[in-house]
Amino acid sequence: MKTKIIFLIAFFSISSYALGIEINVKKWLTSEAFKVYKPAYIQGQNLKKEDFQEKFVLGNSYLNLIDLKPVEGATILWEDNNSSKWKIKKTNNEGLLEIKPDKKAEFQISYNAFYIESDGLNSYTLEVESPQMFEVFLNGKEIGSENSLATAEKPNVSESTLDLEPGKFVVIVKSMYVSGDNDKWYIKAKISDDEDSQPLVSVSPAEGMNIHHLLEGTKLASASISSDGELVALIYSNVDKETGKVNTWTEIKEVASGKIVQSFRKAGTTGYSWMPAGKKLFYRSKREKGFSVWVYDFDKGKEYPVLEDVEELSGFQWSDDESFLIYSVSESGKPQEKSSLLYMNELGNRTFSTRKEIYLYKYNVASGVSERLTFGETSTYLNDISHDGRYLVFSTNKLNPTQRPFSLQNMYLMDLDSREVRVLWEDFRWGGYAQFSPDGTKLLVSGGPDCFGDVGKNIGQNPIANNYDGQLYIYELSSGTVKSLTAEFNPSVGSASWSHVDGNIYISATDEIYSRAFVWKKSDAEFRQLKTVPEVIGNFDVAGNASYAVFTGNQLASPQKAWILDLKTKKSVLIDDTESKYYKHVEFGESEDWDFNMDDGRKIRGYFLYPRNFDPGKKYPLIVNYYGGTSPIEKSFGGRYPLDIWAGEGYVVYIPQPSGAIGFGQEFSSRHQNNWGITVADEIIQGTEKFMDAHSFVDKDRVGCIGASYGGFMTMYLQTRTDIFSCAISHAGISSLSSYWGEGYWGYIYSSEATGDAYPWNRKDIYIDQSPLFSADKINTPLLLLHGSEDTNVPLGESLQLWVGLKILGKPVEMIQVEGENHHILTYSKRIEWHNTIMAWFDKWLNGKDKDWEKLFSESEL
């Protein structure tokens, strides 16, 4: 702290006034004075009945200030290829930033900037003074102006209130000098705060990551590659900060050059995907009479409809020769009659929606003829079309309410020539998804360990498998025999593609705390990891008729990018790095893997992030983040619980990976069954204690924890088992397993994997003893309960009933519900408020800073 004060005194004049702080800005980033002109043609008044005034010259936009972050030495381009560079300039002894005008020019504009860094939810007053006209901008938005000339004896003064969230903000003062002005051209600025919260003022844009970096700007969503491997389709999105609306569009780039060749931004169009051959893209559009399928041919530069005006079109797939497509149509049954009495007819229909079933149709492109392929009481789902176009494989699901997982799958093979349908398997409790081998004699089936009974199951001594753990099987169509590809392969398969080019199988898979790409080579039937640049890949798409793939990926301190992968040479080339420019000035902390052994010898993986600007001689507060359910928390960038932001705010962040997560092998993932925190809590507690013991820079008296959904349950449950945490946050947590099981829309479905054949009537030791609500009297840690008011996954009552219990017990608890949000907080403005609430709670209990929490919730008594 002492060095920081010295730094501020060196560059800024600080004085106390009344009850707060006042800072005179003594150092600026400034441009040279640019000549500007009034309009060459002026005739009469404008539409507001105003005569031309000098202020209109100042009001012209000139530079786009929205994304402008001045940096010393950076170039400012002006008209006629003139340019200048941002320079650092100090004020004089009177605190004035003097600007030298060209006396021959009629009008001149100068841009002058500095940065304010806020460490929380702060309000400051900015006062700008000048005898000249000027406009003041905060992050590109005008917040003040003075549009008339004044004098040095009585200068213009603009006062603005800056309501800032955590982060760094740029203030730009655009000042105009008018010929004949005899006063000195200068700017003076000061910042004051009546709450005694001292802002950090500088001329450097360097900052930690904040919530606006995460939510704003152009984001890369996914990438796909054309069949010939020569074009890629990149899907982007951004959010309108005023309305919160998310806009999406698709751009096409050449693989060889990286140049954009086409951009698709049509409203009402979705699902841009590549045709099986060449350079053609198809998509779906919504029109008044229904949905249509369109094709864009890049070689011919032609766009044309293929299938038009289909009501309730739900999906489609092309044959490899593009002569036909199979499409799905959703048909509605008879709606329930309007009544105050709503009949519950199915376990899964909690919204009383009209029953819908999906059926398959074949459309012949040349003739324009559509044929119906399926009909009946259950939906039919297309899985794949054989390479020669003769067969398709499809599945059905029927309800099975008396046996988990409460549905049964049938898989069928249809001969499109003879219309014969063959049953491949029937009444499978754990189904799969099938795709044809290149020669059409086999199926590659994706499913859980229980898909084909004991074939491929490898759960050790544990009694029940975790069917969220993705596996691969090869099914022989001639004999019906099944072979497991992944029984000894620990990563959990996410997506798989059987290449027609080389006969190999390419997959993306969760591999412990990473997401990686692998190839199963037909030559030796072994998996090999493909070398990819990021630690966590997103989507992985293989070209249909070329030895290329495209993939997206990210990792801690590195946002989403896209690469082209040559499957022959195994070399990757970056093709999109759009997001990085939004993090140009962001400084990230380092991260390290950190594993430990439980007292019984079990190894638990994990990793942690150092705070930004880490000083090993200091003590830092610690945030422990976990899920504890079926998925690990990968070392990825961003997300709903952004580790990089927390580290940027000065926290050490530790992420243990408890038992039960996929990606570590079936034995590890099967530990999730019938556990509900029994061993996971011990692993998190021991991991936290051992982590603190191993890292002397962690302050053991300032340790917080946070989890969501199953992780929210773990937050609640942990507080019944330990007092090592100074505070805790549960988002959408489960306090009573039985009420979640029955009331959550998918509670009984998830419990079929988390609790097996255990139910409230036969395993009270789980449904009561492991429910935090029934041990609420053991909770002493200050606990924040967050929940979306419209959560259908984990109902609001799960947090509400624990809050009621803790309030009655007089325990330190607060509850905040986010209005109109479901299980995830997705609305732009609410996401910011929710994030600020999380940070305010941690700051209150781990940093002793109550101000933000009190500002958000002044009625709070904690």
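Two strands pair if DSSP finds at least two bridges between them; strands (E, at least two residues) and helices (H or I, at least four) are DSSP runs numbered from the N terminus. The model is predicted, with local features requiring pLDDT of at least 70 and side-chain atom pairs pLDDT 80 or more, while totals for chains, interfaces and linings use all residues. Residues are numbered from 1 along each chain as its sequence is written, and side-chain values use heavy atoms, without hydrogens or water.

**View 1. Pairing of β33 with β34.** Five bridges join β33 to β34 (residues 442-447) in the antiparallel sense. Gln435 lies opposite Leu444 of β34.

**View 2. The open sheet of four strands.** The strand order is β33-β34-β35-β36, and the pairing is antiparallel. At the edges, β33 (432-436) and β36 (482-484) each pair on one side only.

**View 3. Crossing of helices α6 and α7.** The axes (lines fitted to C-alpha atoms over the stretch in contact) of α6 (residues 678-694) and α7 (residues 710-719) come within 10 Å and cross at roughly 75 degrees. The two helices are therefore roughly perpendicular (65 to 115 degrees). Contact (heavy atoms within 4.5 Å) involves Ile678, Val680, Ala681, Ile684 and Ile685 of α6, and Met714, Tyr717 and Leu718 of α7.

**View 4. The largest nonpolar core.** A nonpolar core is a set of buried Ala, Val, Leu, Ile, Met, Phe, Trp, Tyr and Cys residues joined through side-chain atoms within 4.5 Å, where buried means under 20% relative accessible area (1.4 Å probe, protein chains only). Among the 53 residues of the largest core, Leu622, Val624, Trp676 and Met714 touch the most other members. A separate core of 32 residues includes Leu609, Leu784, Ile816 and Ile825.

Methods
Axes are lines fitted to C-alpha atoms, for helices over the stretch in contact, and angles run from 0 to 180 degrees between N-to-C directions. Angles under 35 degrees count as roughly parallel, over 145 as roughly antiparallel, 65 to 115 as roughly perpendicular and the rest as oblique. Buried means under 20% relative accessible area, exposed over 50%, partly exposed in between (1.4 Å probe, protein chains only).
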